[in-house]
Amino acid sequence: MITDLGYGALALTFFLAIYGVVAAVWGVRKRRPDWIDSARNAMLLTFPLLTLSCLSLIYLLVNGHYEVEYVASVTSNSMPLYLRITALWGGQAGSLLFWSWLMSAFASAVTLRNWQRDREFLPWVIVVSLITLGFFLGLTLFVENPFDRLWLLPSGIAVKSFFAPEMAIPYYQSDGKGLNPLLRHPGMIIHPPMLYLGFVSFVIPFAFAIAALITNRSDDRWIQITRRWSLVAWLFLSLGLILGGRWAYDVLGWGGYWGWDPVEIAAFMPWLSGTAFLHSVMIQEKRGMLKHWNMILIILTYNLVIFGTFLTRSGVLSSVHAFAQSAIGPLFFTYIGASFVVSLSLLLQRWQDLKSDLHMTSLLSREALFLLNNLLFMGILVICFWGVIFPLISEVVTGQKVTVGPPFYERATAPLFAGLLLLMGIAPLAAWRHSTVQTLGKAVWKPTVVSVAVPLIALIGGVRNWAALFGFWLAAFVACVTLYEYGRAVLARARSRDEQLLVAFWNLAGRNRRRYGGYIIHLGVVLMAIGIIGIELFQKETQGTLAQGEELRLGPYTMRFESLAVFDTADGRNVARAVVSVYKNGRFLGELYPRRDYYYESQQPMTIPGLRSTIEDDFYVLLVDWQPISSEGATFKVYHNPLVNWLWLGGLVFIIGTMVAAWPEGEKSAATVRVGRRTPLVTRTP
Amino acid sequence: MSARLRLFSWIVVWITFFLTILGSSEIALAQTRDPNSISDDEVNAIAKYLYCPVCENVPLDVCGTQACEQWRQVVRQKLAEGWNEAQIRQYFAEQYGDRALATPPPRGINWLMYIVPPVAILLGVWMLVQAFRSWKRPPATAAPLQPESLSPEVLKRIEEELRQR
Amino acid sequence: MASAKNKSSQVLMEQTSQEQGTTSKPAVRLRWGPILAWLIVITLLVILGVGLLRSQQGSVNVGEPIPHFTLTTFEGKTIRTADLKGKVLLINFWASWCKPCEQEAADLETAWRSYQASGEVIFLGVNYVDTEPEARAYLEKFAITYPNGPDLGTRISQAFRIRGVPETYVVDQNGVLQFVQIGPFRSLAQIKSVIDPLLQP
């Protein structure tokens, strides 16, 4: 009953999406505003319908309706309520539905805005969002239907289908397979929705960009409208990536946070082009340049979102896995092809109209440095993209698979990341339009001198790794510049307005949120960079088999194996849990409990590290292996990860900065954006 | 010329990057040892850069499957026989294909792997330099007044004047 | 793709800017920009398409000729499948770390012994991603006498596009694949029921 309801709502939404697209195009063609309004209503209606569909699925998940195939594959009786709810996005079919729901929420929200000033965008924004939504709904409905039920054929074979096959009887199971244990971590529960939110919210700026291309409105109105959407999209994407890293650190048990896995890179690529976009739109807003480039970046970002989803879900990357035969691949491929071709032809068609008065006076001006920043981001993107795609090429050409692992990415991207850090330090000091070596030098020398102190102290402190010293200097330099800029502005404001320093700080950040939010983000990046330098260049590891009471030494730490217990738990796990005491420089710090959980339902082991975390370093213990009789010994792998906490701290600062930048500004400051100047003389109607 | 200088320094950076990727083979003296005297750390240091086809994209030192366990035993055995890291990698590549290595060995089509990104980036640098150069040049003809550059007040006035006619 | 669009667009960007600068050479120079952009997009789509096709294809299809290969056995003998025409060929992919492989090992060996005398049937064991001492121990444990050899460079398994072990391919006298068993054989009778029909004159 509920299954039918959910499925019905889903099907209805799909047809509504098709109707909306047709109605909007028809309305534009025939100049009939009533059709466009109808398309708008269709768009708005998708949200409640998909909400109903999602709620139906949640109902089925929570109540253990195992006759539904999806429910049986991701939940089981032993799972607690919150995991059953979050199982909504725990599998392919459910996560596609969830994706569609988020998409419709964002598209509806944007449809509700005031369209007075840009009515000609409306139908095309609806068309782009509804096509994207319709595609995902189509996948859900026809290929990966979360409401498919299990049926038993007379031959005794169970099949999944929504409608009853001939002669088949419903197949009721008493328990399901349960959620993949790797996904039962809080980080993993929030991580996918954040990534999806980031993905779907990048659809909105893309929709406006396409609308601007189609209506041939070449001013930067679309950028003004979507500025906040882009920031929000970026916020969620960044949050998703950071949470993913944290999840990997806590659950995957390899002492790291980022493995340059194709799946990770697939999510990282839209972030890279999105970050480049966020920087380069500022040039268009301030200088009216680079209209082409911004279009390209947002189109690229959208296509990378779809491309990333395709890579991770179609099985094209790892053909060994069971996913491969899914019909989702060809459909996705068709959609990607269509999306590439349509956006490229639109762009080329409008190329001449997007021309702008290109003029740049100084190679050291802020816009020039921003372009350099774009170049570096694109460089990293090229490396990532090539690393992901090359194994495919190799397999097609030579028939041999190759692995492109972390050493390639690390060595290739490290100089580019360093370049980005350096730019992050210089660019805020460069002025728009005119900047000379003298003016820039005058601004740069003070922070440079101060920042040299940091690597010097590190050198005295015994750090002899030149890459690390250089990295620390870069981080210190950016931090000095950013704080210096902040400090100068706060002091100036406090003096001129006679405000208290803290008040001045608050008002300043409130007045130009994007700028000062951006600076906070830069500080976050500095902290993250320190953490990354720490773990990448100074991580130490050792492995050893210890008998009870024996010790293992690593850096300043010593750990002693105290005991090991193996037991079954009520929720269907077999747990091997070791107790180790940790000493630092001979002082007892506490006990850690690394363990290995074996999930009977899914027959999967999971290694949970014992972790002692301080701002200085992390001590990370993994239980690798053990003898049945614990006194005979157990094998531990131990990592010493210096400074890694700075990474998470930086991530937090980063997110706060993005929130500051994306926070809605008051009406007053909104009015100060250059509105009139770029409004076209004649408003073109399609 | 600062642009050319930067171009040059980029080329230097990328060539160094190249050489570091390629030049990572050392020669060690062969001497046999007792397999039990070889520590897990020595094995893991090599296993970190090997990948087993059974668990794609998981380095050998952290992979928990039995196949990987056996592979680590092989690494230990080879170390005991006095092989060095390069020889062991070579052995794995021959036995299990190039996909056992963390990065594709630079030969044949794999050269593309290492050449395409630096070339693409250098191309980007070149284009940017060209673009900067042309942007710095003032427009040859005096650009006609763009309607976009008029302020709304002026536009309003023009429109009013037009209407009055 | 990213690089593609990036590059082509920069080409265009640069050209338009040059035009602005000189104004003498119009549209002619703009031509190859779009062509390059299309070329790159299409190349990318072709790569993705072919890659997808491969992953969708699954293993070698029944009714098609098998990819021929050379197997060097653990004893050092070289066997070329191309030389085995006129005989029924059973190719078994296995590994010592594979538990299900053990279920069928004894049955395969019994079947082999029953066909060995006739000389009409050849069994080949292809040892997938395994280490030599473990593989030899496995062969000894199940007293396997038909030729077995390592899949050097995983070339054979990639040519057959196997998904895992065990997988068994039965080929007729003309080198055409007649039967694929994914997972272990359930019984000796099942193995025989696959091979015997191929032996009818």
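Guide: Helices (H or I, at least four residues) and strands (E, at least two) are DSSP runs, numbered from the N terminus. By that count chain C has six helices and seven strands. This is a predicted model, in which local features need pLDDT of at least 70, side-chain atom pairs count only at pLDDT 80 or more, and totals for chains, interfaces and linings use all residues. Residues are numbered from 1 along each chain as its sequence is written.

Visitor: Why are α9(A) and α10(A) called roughly antiparallel?

Guide: The axes of α9 (residues 262-287) and α10 (residues 291-314) of chain A cross at roughly 165° and come within 9 Å. Axes are lines fitted to C-alpha atoms, for helices over the stretch in contact, with angles from 0 to 180 degrees between N-to-C directions. Angles over 145 degrees count as roughly antiparallel, and α9(A) and α10(A) are therefore described that way.

Visitor: Which residues of α9(A) and α10(A) make the contact?

Guide: Contact means heavy atoms within 4.5 Å. Among them are F277(A) and V281(A) of α9(A), and W293(A) and L304(A) of α10(A).

Visitor: What makes β7(A) and β8(A) a pair?

Guide: Two strands pair if DSSP finds at least two bridges between them. Five bridges join β7 (residues 573-584) to β8 (residues 587-592) of chain A, and the strands run antiparallel. Y583(A) stands opposite F588(A). Two residues lie between the strands of this hairpin, where N585(A) takes a positive phi near 50°.

Visitor: What share of chain C is called buried?

Guide: Buried means under 20% relative accessible area (1.4 Å probe, protein chains only). Of the 201 residues in chain C, 54% are buried.

Definitions and conventions. Chains are lettered from A and ligands numbered from 1 in the order in which they are written. Side-chain values use heavy atoms; hydrogens and water are left out. Angles under 35 degrees count as roughly parallel, over 145 as roughly antiparallel, 65 to 115 as roughly perpendicular and the rest as oblique. Buried means under 20% relative accessible area, exposed over 50%, partly exposed in between (1.4 Å probe, protein chains only).
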